[in-house]
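Please consult the sequence and the structure below before reading this report.

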Amino acid sequence: MNNLILLPVFIPFVAAIIGLIFRTLPVQRTLGLIGMAAATISAILLLNVVMEQDYLVLSLGAWQAPFGIVLVADLLSAIMVLISCIMGILVMLFSVQSVDNARQKTFYYPLYSMLIMGVNGAFLTGDIFNLYVWFEVMLIASFVLISLGADRAQLEGAFKYMVLNLVSSLLFLAGAGLLYAKVGTLNMADIALKLAIQPDSFLINSTAILFLISFGVKAAIFPFFFWLPASYHTPPTAISAIFAGLLTKVGVYTLMRSFTLFFNQSFEFLQDILLILAALTMLTGVLGAAAQYNIRRILSFHIISQIGYMIMGLALLTPLALAGTVFYLVHHIIVKTNLFLVGGVIEKVKGTGELSKIGGLYRALPFLALLFFIPAFSLGGIPPLSGFWAKFALVKASIDAEVFWITAVSLIVGVMTLFSMTKIWAEAFWKDAPEETENKVEPKTLKLMYAPIAIMVLMTLYLGLFGQGMFEVAERAADQLLNPEGYIQAVIPQSTEAISKL
Amino acid sequence: MSTLIAIIIGALVAAGVYCLLRRSLMKLVIGIALLGQAVNLLVFSANGLKSANPPLIEASAKTLAEGTADPLPQALVLTAIVIGFGLISFSLALMGVTYQKTGHDDIDALTNTDT
């Protein structure tokens, strides 16, 4: 039963390894899709179990925590694993038609499975060094994917992406080493327990800052965001889309995990810093987007501004704010991946994503216009779409916490997000095409590209119209994050006595 | 001994950051390698450097006796070295391809994808 937690990591791994042995594309493709589908099913089962019993813990090799490595699924992890698997299979389906054959043949599907494995591993691990290893698994797969095909632009972007992420990993490793030197354990629950019993703010704050910078680079928060708009628009759209949806969110997830579980006592010192960073992240992202005239570049900058909202929710650290953040994460992953994929269809049909060179798509591709309209205005926060409820929860939480300046910033950024989305809408869809150009591909043949987009749009609509169920789950996840005792006790059952003394 | 190691770590970090701030791609990779070594040393010396008995559990005992070394940082640093080796190999390969395709070893010439 507990082994269930291993499946979302293990299945993509098996699919990738077998795919590497059989080197033909059809085998790799089928294996990749079957693997992702199976992983999605296992993630659904995992979420079901976690909903019932709150926590699921697996001690690998039966070495008891805190000595062995544990995999822990609480609600937040289970939700994130499920959403990453769903996005994994949908974007993989999209790449069948959208990524060119030469790239697909160079181990695209095994690498992609490895990437999802790394992401899921990072969501599930309960060990700080193991988290570092999962980061590296994820990074090396993403390095190869982003440079796959070796276009000049891709290489330039990939190099910046690689250097910044390697430096951030090194900072994380240094932080983990210092933390081990201080508390003598690597198990996250045990770290939390030891720090709760014997606080030492001096060393912990220095480690917390190292972690903040390292995860901040991965999450692309201000001032560490510049690698993202320089690289995310260069690879094929399917790759940018899965990166945009998942990779920065791993950074946000680890920030949430570490700052609610074991850095919670130094939180007062960090709260103001996080709030200011959140505000600046929101503003730089949205202002950067305003200056862009390429669909994917605009969307890349919007990832940054949306990350700001999540950091704001984390910084407020109230039940409503955290629930809003969890809801925001899910909403954002779906919507952002969706928008990148729509951009991919436009680039496929028209051959470019430059807004000045395209137009008239509303008339030419009315169905695509609808598929763009819903996620774009969800991102802008128009009721009753999912983005509205996510923003509403965060804004209400900031008013409740009486941090009115961040409320103001988040509302202004919301309006400016809408401005950017209407810019794409007006330029690409409404204005007349600047010159009559032949479609590069007949849109009707792109069924495999349309299908994943349509499914994501339905998910966005569902989250918006029937979001209450999801929000209740998000509230439970937030409750778990705010009461780390449950997490500690689930991982180290013999710690009951120590916890009761706290 | 700890002081010496601390000074070495500091020197490696300084050299690494200096290389990272240069404009050449090759020096960038060297800088990452140096930083990686500094962090490995930091993790290795995390639990203090002292002469101690090898971490072997006596046949009659169940736990480590007093005065034995902590084996964990060494296990960690081995893993970190292996991962670091893989990443440095990849960055050298990427650097090679980037140099071939763009004809530049100068980072300032690689700003076409920036905004």
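The sections that follow describe a helix, a serine residue and a chain interface in a predicted model.

## Helix H6 of chain A

Helix H6 of chain A comprises residues 128-147. At 1.5 Å a residue, its 20 residues should span 28 Å, and the end C-alpha atoms lie 29 Å apart, which agrees. Because 16 of the 20 residues of H6(A) are buried, the helix is largely enclosed by the rest of the structure.

At the start of H6(A), the backbone nitrogen of A:Phe129 has a side-chain oxygen of A:Asp127 within 3.0 Å. Just after the helix, A:Gly149 adopts a positive phi of about 100°.

## A:Ser300 in helix H13

A:Ser300 belongs to helix H13 (residues 295-316) of chain A. With a relative accessible area of 0%, A:Ser300 is buried. Its side chain reaches the backbone oxygen of A:Arg296 at 2.8 Å. Beyond its neighbours within four places in sequence, A:Ser300 contacts A:Leu228, A:Pro229, A:Tyr232, A:His233 and A:Phe340.

## The interface of chains A and B

In this interface, 36 residues of chain A are in contact with 37 residues of chain B. The area buried between the two chains is about 3,100 Å², and carbon and sulfur atoms give 77% of that area. In chain A, the residues that lose the most area to chain B are A:Arg152, A:Phe159 and A:Tyr180, together 21% of what that side buries.

Between chain A and chain B there are zero salt bridges, while three residue pairs are in polar contact across the interface. H6, H7, H10 and H13 of chain A each supply at least two residues of the side that touches chain B. H7(A) gives the most, with 19 residues. The residues of this side divide into 25 nonpolar, six polar and five charged.

Definitions and conventions:
Residues are numbered from 1 along each chain as its sequence is written. Chains are lettered from A and ligands numbered from 1 in the order in which they are written. This is a predicted model: local features need pLDDT of at least 70, side-chain atom pairs count only at pLDDT 80 or more; totals for chains, interfaces and linings use all residues. Side-chain values use heavy atoms; hydrogens and water are left out. Helices (H or I, at least four residues) and strands (E, at least two) are DSSP runs, numbered from the N terminus. The expected span of a helix is 1.5 Å times one less than its number of residues. Buried means under 20% relative accessible area, exposed over 50%, partly exposed in between (1.4 Å probe, protein chains only). A polar contact is a pair of N or O atoms within 3.5 Å; within protein, one must be able to donate a hydrogen and the other to accept it, and residues adjacent in sequence count only if both atoms are side-chain atoms. Contact means heavy atoms within 4.5 Å. Buried area is the accessible area (1.4 Å probe) that two parts lose on being put together, summed over both. A salt bridge is a side-chain nitrogen of Lys or Arg within 4 Å of a carboxyl oxygen of Asp or Glu. Ala, Val, Leu, Ile, Met, Phe, Trp, Tyr, Cys and Pro count as nonpolar, Asp, Glu, Lys and Arg as charged, and the others, Gly among them, as polar.
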